[in-house]
Amino acid sequence: VVVASYKGGVGKTALTVALAERLAWAGLRVLLLTCDSQEDARHRLGVQSSEPQVARRTYGPEGSVTVVGIRGSKAVDLLYRLGPERLNVGAFDVAVVDTPPEVHGGSLPGVLLITPVDGTDAARNLLTMLARTPENTDIVLAHLGRAEASEWASNVSQIEQALGRNVEYIAEPFSKARSIKQAHDAGRSVWSLPRAGATLQFLDGVETLAQTAWVRLGQPRAWPAMPPAASVAAYVPGWDDET
């Protein structure tokens with residue numbers, strides 16, 4: 001699963017981290033690769049800069065997220081040329097890749113490509129990026145921010161016409177919730193937040209994306225429900241200074 005956008009600041013990393021955690025809560029072993037030199041995905045999981053390159057946290061009895069900062073290397077090198085076994089991270093069920101805002105983010109073959117959009121300029125940049133997307137890559141668009149669902153559907157139709165190919169999209173736009181940003185800034189799981197209002201709308205969108213990935217993986221089990229927010233630890237022992 002690759003989360004990519006040619007435009008920065010559209011909520012790409014927020015989606016990536018929340019998605020990786022949700023798949024882990026579904027019982028999957030998730031390899032989260034952050035290719036951005038800022039390594040925001042690691043920070044939002046509570047990993048300090050002094051921590052090892054490979055860090056792991058658990059979710060329930062079976063799920064886990066192993067986060068790796070590639071630190072400048074391209075995702076294509078790790079996924080297709082070198083292989084994750086070079087990192088000694090063990091076996092995993094799904095890789096989730098957080099990419100920097102560059103045109104190459106849409107070029108990986110055979111992946112589920114999730115692309116957040118937050119406005120007209122982002123849509124223009126999206127067309128530039130998706131023009132290089134291989135035919136065997138499935139594209140899912142998600143709108144972050146306020147928008148009418150009908151207007152968003154119309155925009156997707158125009159994007160499809162410009163690309164000359166069909167794409168999937170999340171019908172309901174995601175809300176940009178301040179609580180999500182505050183949680184990530186503190187290295188806190190967004191799934192521990194009270195699920196109401198804009199926070200719930202954002203998490204519902206992530207839930208839909210996670211189920212899409214689950215189906216694409218061909219999992220034999222039914223999609224497992226997310227534990228209640230009150231049962232999700234706000235911080236993970238050993239990953240921050242407050243526990």
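Reader: How much space lies in the largest pocket?
Author: About 520 Å³. A pocket here is an open set of points on a 1 Å grid over the protein atoms alone, where a 1.4 Å probe fits, with protein on both sides within 12 Å along at least five of seven lines. The volume is the space filled by probe spheres set on the points, which are joined across faces, edges and corners. This is a predicted model: local features need pLDDT of at least 70, side-chain atom pairs count only at pLDDT 80 or more, and totals for chains, interfaces and linings use all residues. Residues are numbered from 1 along each chain as its sequence is written, and side-chain values use heavy atoms, with hydrogens and water left out.

Reader: Which residues lie nearest the centre of the largest pocket?
Author: G9, V10, G11, A14 and R44, out of 22 lining residues. Lining means having an atom within 4 Å of a point.

Reader: Which helix gives the most to that lining?
Author: α6, with five residues. Helices are DSSP runs of H or I, at least four residues, and strands are runs of E, at least two, numbered from the N terminus.

Reader: OK, α6 then. Which of its residues are buried?
Author: In α6 (residues 178-185), I180, A183 and H184 are buried, meaning under 20% relative accessible area (1.4 Å probe, protein chains only), with exposed being over 50% and partly exposed in between. Seen down the helix axis, the buried residues of α6 fall within an arc of 95°, so they line one face. That arc is taken from the directions from the axis to the C-beta atoms.

Reader: What do they pack against?
Author: α1 (12-25), α2 (40-44) and α7 (197-216), with contact meaning heavy atoms within 4.5 Å.

Reader: And what does the face turned away carry?
Author: The exposed residues R178, K181 and Q182. Just after α6, G187 takes a positive phi of about 70°.

Reader: Switching to the strands. How many residues of β7 are buried?
Author: Five of the six in β7 (residues 138-143).

Reader: In which sense does β7 pair with β6, parallel or antiparallel?
Author: Parallel, over six bridges, with β6 being residues 112-117. Two strands pair if DSSP finds at least two bridges between them. V117 stands opposite H143 in β7.

Reader: What about β8?
Author: β8 (residues 168-169) pairs with β7 in the parallel sense over two bridges, and E168 is the bridge partner of V140.
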